[in-house]
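Hi everyone, thanks for making time. Let me put the sequence and the structure up on the screen, and then we can walk through a few local details together.

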Amino acid sequence: MKNREFYLPVIICAVITAVLSSICFKSDIISGVICAALGLAVICVFAVYTAKRYKEISRLNDYLSLVCSGNYELDIENNAEGELSVLKNNLYKVITRLKTQNEVIAEDKTYLADSLADISHQLKTPLTSMLVVSELLENETDASKRREFTQIINTQCEKMSWLIQTLLKLSKLDAGTAEMNAESFSVSDVIENSLAPFMLTMDLKNISVKKSINEFALSGDKNWTAEALQNIIKNCIEHTADGGTLTVSTDETTVFGRIVISDNGCGIAKEDLPYVFERFYHGKNSSSESVGIGLALSKAILNKENAAVSVTSEEGGGTEFEIKFYKSVI
């Protein structure tokens, strides 16, 4: 072996053995032979065990080289007691963690690529519409047509603005940088704030609102909570026909406070129910204007506030969203 830590002790032991043996030989030949034999035996035992140890270290070094190239397989079934076995087991733990982290990173990259593709698609539609309408607007002389084209551009701009703002909110929640205040507020207040932006829309569609509010206090961020409820209400309104009904009710138990928002609209297909809170998911009964991130944002917000949201629906029989605000983490 060309290893200083190996051959240097061997040389020292050999020199000591030679010196002691020569001294013993001067007094007694048998003693000299015994001393030389014991010295050689010690050197041989040291050499064998050290060689075996360095062979195992070399094998672990080769394994680390394989890890650097992406091979994470490590056999620990033949482990025995000893410091090298402890090192081997610790290496296995570290490599397992690295493997898990690499898998997570790979999944994140795939998710990011898919999200960017979805975002590009969502932005491409209103942009294309605006470009086409703006070209028509350049050569249009009729005042009513120009107003119509301008309204289309304004509508698409509002859609893009909402999409970008919602994506930014989701990004903040994912990154953990969203500022959420811890405050106490009444459930009736947050429901009124959530319904307010849609009163005109519901009036135009002749959608009535039925409320059954049992008052209780919620703890969290009032604005973010209203944002979550608004996206759920918006979804219900979009899937409710003219003359329909939106129902909001609340109740409280010793474990949680509950808000139930339901409609009597077209409902959600059974095969779509497991995916309604996924980003950019479009169900069979989704409207053409739906982007598919409103409910995802609602779930992300509610999860941050120690709340859970679930949905039940029957196609043609309406949809019900149940939100539970838990009072303590169990």
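This is a predicted model: local features need pLDDT of at least 70, side-chain atom pairs count only at pLDDT 80 or more; totals for chains, interfaces and linings use all residues.

Let's start with F256 and Y326. Their ring centres are 5.8 Å apart and the planes sit at 75°, which is over 60, so we call this pair edge-to-face. F256 belongs to strand β5, residues 256-263, while Y326 belongs to strand β7, residues 319-326, so the contact ties together parts 70 residues apart in sequence. As for solvent, F256 is buried at 15% relative accessibility, whereas Y326 is partly exposed at 32%.

Now the other pair, F277 and F321. Here the centres are 6.3 Å apart with the planes at 75°, so this one is edge-to-face too. F277 comes from the loop between β5 and α8 (294-304) and F321 from strand β7, so parts 44 residues apart in sequence are tied together. Are these two phenylalanines, F277 and F321, buried or exposed? Both F277 and F321 are buried.

On to the backbone. Most residues other than glycine have a negative phi. N206, though not a glycine, has a positive phi of about 60°. You'll find N206 in the loop between α6 (199-204) and β2 (208-212), and it is exposed, with a relative accessible area of 57%.

N306 also has a positive phi of about 60° without being a glycine. That residue, N306, is in the loop between α8 and β6 (307-313), and at 28% relative accessibility N306 counts as partly exposed.

Methods:
Residues are numbered from 1 along each chain as its sequence is written. Side-chain values use heavy atoms; hydrogens and water are left out. Rings of Phe, Tyr and Trp (its six-membered ring) pair if their centres lie within 6.5 Å; planes under 30 degrees apart count as stacked, over 60 as edge-to-face and the rest as tilted. Helices (H or I, at least four residues) and strands (E, at least two) are DSSP runs, numbered from the N terminus. Buried means under 20% relative accessible area, exposed over 50%, partly exposed in between (1.4 Å probe, protein chains only).
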